[in-house]
Amino acid sequence: MNAVDLTRELVSFDSTSCYSNVDVTNCVDAALRSLGCEVERVEYVDPQGVKKANVMAKLGSGTGGIAYFGHTDVVPADNWFFQEHGPYTATVIEDKLYGRGTCDMKGSVACFMAAAAKFQGKKLAHPIYITCTADEETGGRGASEVVERSAMYAEMVAGDSRGIIGEPTMLDVVHAHKGAYGFFVTARGRAAHSSTGEGINANMAMIPFLHEMHKIHQETLNDPQWLNHEFSPPHICWNIGINDHTRAINITPPQSVCTVYFRPMPGQQPQVLLDRAKKLADEMGLEYKLQIGGPPLYVDPKSPFIHEVLKLAGREKSRTVGYGTDGLKYTNLKHKVVIGPGSISQAHTHDEWVELDQLDKAVDLYTRMIEAWCL
């Protein structure tokens, strides 16, 4: 099994999170079965009525071993740069493989599967687990379904498998990343032609709430309880969005929606801010809805597990990153680390790519991990 060829095949499926990922999951499923894996699927229908699928696989018997985690959904490619080839035709130009998902993170999935293929038919002392989820890019619903419903995931936890989250890190060892919390607050009004004065402008009710959200934003830039200089940037990135969804400027907006998304770090108490925002919304007669919630990923950088991964990866020290992964859902998996090919700076871009050398090195690294933990 060749990592570049498999990446090309996986990229060929438009599995943007708003669409179904069942077709690409079927492709992964078939490839895993061809290796002799035992396969489990956890499927669900998202709030928009779109069918989604997660696949878990196990090569070998027993418990423990290695557990790789990836996702098969991608972000939209509406602004794709190249005219010569589309975002779903993975193309090699010089030393890079271009296409949506090559970096985040179908290339990584392909690398681990290529590494696992080297052990097809071999006697393993401990198993190789592979998990590929849906909806990582939109809140981690797929990973949540796996945690709640997968017998194979429960086996990974009970057997204390070593977890590898294959998101792009340039194959550096990442022992911690920020969490993710988001909420919607909605003000209601009444639509009318703006010349009549008969409408109720929902934005007027939202403006005081936005003022309070701005105050929290400023606080989180300076208050030590919301800062952690192990991360860059060292604050929680309190991100405020606003949209009244009104399609013409002469309509009195009947609704106004504020979104807030922030990234707490280890040791912080995000519920304090969530409770504060909800209390303000309630006092102002606004609707509050928590959309996403997950704590930071943190593993002690001085732990034996991290030292073990550092030795295998040929790195002197681990680091933190400011983005999040499905790892914030796998809280009951004791040993886990983020390490994968490519740079996060190339993820979600108009010309997404991964270096071919990174794919080769990832296959080699994942192979060494399997040898160390499964043979």
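These questions and answers explain how terms are applied to parts of a predicted model.

Residues are numbered from 1 along each chain as its sequence is written, and side-chain values use heavy atoms, with hydrogens and water left out. Because this is a predicted model, local features need pLDDT of at least 70 and side-chain atom pairs count only at pLDDT 80 or more, while totals for chains, interfaces and linings use all residues.

Q: Which residues of α9 are buried?
A: They are Q358, L359, A362, V363, L365, Y366, T367, M369, I370, W373 and C374. Buried means under 20% relative accessible area, exposed means over 50%, and partly exposed lies in between (1.4 Å probe, protein chains only).

Q: What makes the contact between α3 and α9?
A: On α3, the residues are G107, S108, C111, F112, A114, A115 and A116. On α9, they are L359, A362, V363, Y366, T367 and I370. Contact means heavy atoms within 4.5 Å. By class, there are 10 nonpolar, 3 polar and no charged residues. Ala, Val, Leu, Ile, Met, Phe, Trp, Tyr, Cys and Pro count as nonpolar; Asp, Glu, Lys and Arg count as charged; the others, Gly among them, count as polar.

Q: Why is T7 called buried?
A: T7 has 0% relative accessibility, so it counts as buried. T7 is found in helix α1 (residues 3-11). Beyond residues up to four places away in sequence, T7 touches L97, T102, K106, G107 and A110.

Q: Why does A347 count as buried?
A: Its relative accessibility is 9%, so A347 is buried. A347 lies in the loop between β15 (336-338) and β16 (353-355). Leaving aside neighbours within four places in sequence, A347 is in contact with C103, D104 and E352. The C-alpha atoms of A347 and R100 are separated by 8.4 Å, although the two are 247 residues apart along the chain.

Q: Why is H348 called partly exposed?
A: H348 has a relative accessible area of 42%, so it is partly exposed. H348 lies in the loop between β15 and β16.

Q: What makes the phi of H348 worth a remark?
A: Most residues other than glycine have a negative phi. H348 is not a glycine, yet its phi is positive, about 65°.

Q: Why does E94 count as exposed?
A: E94 has 73% relative accessibility, so it is exposed. E94 lies in the loop between β4 (91-93) and β5. E94 also has a positive phi, about 55°, and is not a glycine.

Q: Which bond joins D104 and M105?
A: A cis peptide bond, with omega about -15°. M105 lies in the loop between β5 (96-98) and α3.

Key
Helices (H or I, at least four residues) and strands (E, at least two) are DSSP runs, numbered from the N terminus.
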